[in-house]
Amino acid sequence: MTTLLADGQVVHSSLLRSTQHIAAADDFRRLRPLLQPVLGRTANSPYVRRNSNRLPTETLMADGRALLDAGPLARKELARRLAARHPGRDGRILAGEFELRTPLIHDPTTASWGSWGNRSSITVTAHAADTIEPSAIHELIRRYLAAFGPATVADVQAWSGLTRLNQVVANMGIELRHYTGPDGQTLLDLPDAHLPDPHIPAPVRLLPAYDNALLGHADRTRIMSDEDRKPTPASHVPVRTSAAMPTRPACAPGLPCELSADRRQVGGLADHRAQHHWNPLCGAATSAPR
């Protein structure tokens, strides 16, 4: 991954749901404009606007671009310089808002694993983004379904942050297969996607707290019950997945990184650091550590 970042084949930037992702550079150029309204909503949130003292967006964008014209800057330095231009405003908020509104990527020296340090040390630089391609939204939906289908339109919206996708899905017509779920909802999938036998037990999976398998559906009880979700620690936890709605065994090639976690099946007991049993795991020994 470090080599791919250094070669510019992949980039690290804000993308889905205004969170950091690693994506193929070509995907970033095509998908970032499509997802910009989602990042724009975060930038327009009351918290950001209040703490920027409602600095006009045009002014912030012009100043930010001028500062980065000379080359990459650490976030901390970008914040310091923006604050100097606009006394009385929080430079960290201004830098964060600028990053949400502009296609910035992390410099490879601070984008690779193990070299992040802290958030303020990350170096950012401007990156080219294409205009919105009409096919980009269809491609994004297909990629989501390749990893997480069958799913509802609401699931796609929850995962991507995009809204009003009902008509988009309707326009895709025979590109998608339609099922009726147990609750009567319409489920979408790729026409050639394989569905596991519904009687196959779903395996235990180790998932980070913010894994997309947990966040990628509007109805998250497909992955974890509401009762089990409440005490979930901010670490890897064993998840008793639902066999009723199986997800794909792996992410589709070309997806922006972090859209699917490592789904290694766990035989027997999970690592003791991940043990947080609310209910016994199927097949687990009764002497499992607590």
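This is a predicted model: local features need pLDDT of at least 70, side-chain atom pairs count only at pLDDT 80 or more; totals for chains, interfaces and linings use all residues.

Trainee: Is helix 6 largely enclosed or open, and why?

Mentor: Check its residues, 91–101, against the cut-off: buried means under 20% relative accessible area. Among those that pass are Ile93, Leu94, Phe98 and Leu100, but also Glu97, Glu99 and Arg101. Ten of the eleven residues are buried, so helix 6 is largely enclosed by the rest of the structure.

Trainee: Which residue caps the N-terminal end of helix 6?

Mentor: Look for a side-chain oxygen by the backbone nitrogen of arginine 92. There is one 2.9 Å away from that nitrogen. The cap is aspartate 90.

Trainee: How do helix 2 and helix 6 run, roughly parallel or roughly antiparallel?

Mentor: Helix 2 covers residues 25–43, and its axis lies 8 Å from that of helix 6, at an angle of about 155 degrees. Angles over 145 degrees count as roughly antiparallel. So helix 2 against helix 6 is roughly antiparallel.

Trainee: What kinds of residues make up the contact of helix 2 with helix 6?

Mentor: From helix 2 come Arg32, Gln36, Leu39, Thr42 and Ala43, and they meet Glu97, Glu99, Leu100 and Arg101 of helix 6. Sorted by type, that is three nonpolar, two polar and four charged.

Trainee: Now the loops. Which residue is joined to proline 150 by a cis peptide bond?

Mentor: Proline 150 sits in the loop between helix 8 (136–148) and helix 9 (153–160). Omega of the bond is about -5 degrees, and the partner is glycine 149.

Trainee: Is arginine 54 buried or exposed?

Mentor: Find it in the loop between helix 3 (46–51) and helix 4 (57–68). With a relative accessible area of 58%, arginine 54 is exposed.

Trainee: And what is the relative accessibility of arginine 164?

Mentor: Arginine 164 is in the loop between helix 9 and helix 10 (166–172). Its phi is positive too, about 55 degrees, although it isn't a glycine. It counts as exposed, and its relative accessibility is 76%.

How values were computed: Residues are numbered from 1 along each chain as its sequence is written. Side-chain values use heavy atoms; hydrogens and water are left out. Buried means under 20% relative accessible area, exposed over 50%, partly exposed in between (1.4 Å probe, protein chains only). Helices (H or I, at least four residues) and strands (E, at least two) are DSSP runs, numbered from the N terminus. A polar contact is a pair of N or O atoms within 3.5 Å; within protein, one must be able to donate a hydrogen and the other to accept it, and residues adjacent in sequence count only if both atoms are side-chain atoms. Axes are lines fitted to C-alpha atoms, for helices over the stretch in contact, and angles run from 0 to 180 degrees between N-to-C directions. Angles under 35 degrees count as roughly parallel, over 145 as roughly antiparallel, 65 to 115 as roughly perpendicular and the rest as oblique. Contact means heavy atoms within 4.5 Å. Ala, Val, Leu, Ile, Met, Phe, Trp, Tyr, Cys and Pro count as nonpolar, Asp, Glu, Lys and Arg as charged, and the others, Gly among them, as polar.
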